[in-house]
Each structure stands twice: as C-alpha cells, then as structure tokens.
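Reader: Can you walk me through this one? I'd like the fold and the packing.

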Amino acid sequence: MSVDIPSISTPGLSVHIDLYTILVWIIVGLIAGLIASRLMLGHGLGFSADAIVGIVGAFLGGFLASYFGIQVVVPGHPIITQILIALFGALILLLVLRVLGLGRRRRRVA
C-alpha cells in the first residue's frame, strides 16, 4: 500500500508514503516522545501518549523548521536527524501543554 501526496510547497514534487514510512514516523515519534516527556515533565505520560506527543511533535518540528528555514543535518544518519527534529517539536508541544496545565500529575489531598 502506498500513496503519492502532491507537495504544497513545491509544485510538481510529490511525497511517497508507504507502510514503511508510516512505521518509521511511529518509531521516530515514540523515541522523541519518550525523550521529550522525560526532559520536560520528569516522568512519562504513558506509552501511547508519549508516542502521540512525539508524532505530533515531529510534524510541528518539521513545520517550524521549514517555516523558519532551519536545517538540521546529522551527516550519514538521517534517522537521527528526524529524531532531533521530532524531539524539538515534541519539547515545544509539551511546553505549550504544560503552560495550559495539561500533563501534570495531580496530587490527591487526603
């Protein structure tokens, strides 16, 4: 199964998305989400929530990097480059969530 999605920013260029690409996004998102939630919150949000934060953070990081013209490159290691971009996006997302009061553990008052 694969899908060709036309690029919005570059006419004539299409992005090829297949099952392998989606699996890589999930793995990169999970790694970035785990690292980001440990760095920002001191604890994880849970396996699935960390994965969601990482995947959304990957999209946010990619969007912000392209919007501001920032290029992050680790020569010879494209997956590490993707993890770094996803990590920065996830950190920004968790910062916003923390400012809004989400993602905190609430103490029970006895």
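Reader: What am I looking at, and what does the secondary structure come to?

Author: This is a predicted model. The protein chain has three helices and two strands, and along the sequence they run β-β-α-α-α.

Reader: How much of the chain is buried?

Author: Of its 110 residues, 27% are buried. The chain exposes about 7,900 Å², with 70% of that supplied by carbon and sulfur atoms.

Reader: Switching to α1. How far apart are its end C-alpha atoms?

Author: They are 32 Å apart.

Reader: Which residues of α1 are buried?

Author: V24, V28, G29, L30, A32, G33, A36, S37 and L41. An α-helix has 3.6 residues a turn, so residues three or four places apart point the same way.

Reader: And what covers them?

Author: The cover includes α2 (47–68) and α3.

Reader: Now the core. How many residues are in the largest nonpolar one?

Author: It has 13 residues, and V28, A36, V53, L87 and L94 have the most contacts inside it. Two or more residues each come from α1 (19–41) and α3 (78–99). The largest share is from α3, with seven residues.

Reader: What does L87 touch, sequence neighbours aside?

Author: Beyond its neighbours within four places in sequence, L87 is in contact with A32, I35 and A36.

Methods
Residues are numbered from 1 along each chain as its sequence is written. This is a predicted model: local features need pLDDT of at least 70, side-chain atom pairs count only at pLDDT 80 or more; totals for chains, interfaces and linings use all residues. Side-chain values use heavy atoms; hydrogens and water are left out. A nonpolar core is a set of buried Ala, Val, Leu, Ile, Met, Phe, Trp, Tyr and Cys residues joined through side-chain atoms within 4.5 Å. Buried means under 20% relative accessible area, exposed over 50%, partly exposed in between (1.4 Å probe, protein chains only). Helices (H or I, at least four residues) and strands (E, at least two) are DSSP runs, numbered from the N terminus. Contact means heavy atoms within 4.5 Å. Accessible areas come from the Shrake-Rupley method with a 1.4 Å probe; for residues, only the protein chains shown count as cover. The expected span of a helix is 1.5 Å times one less than its number of residues.
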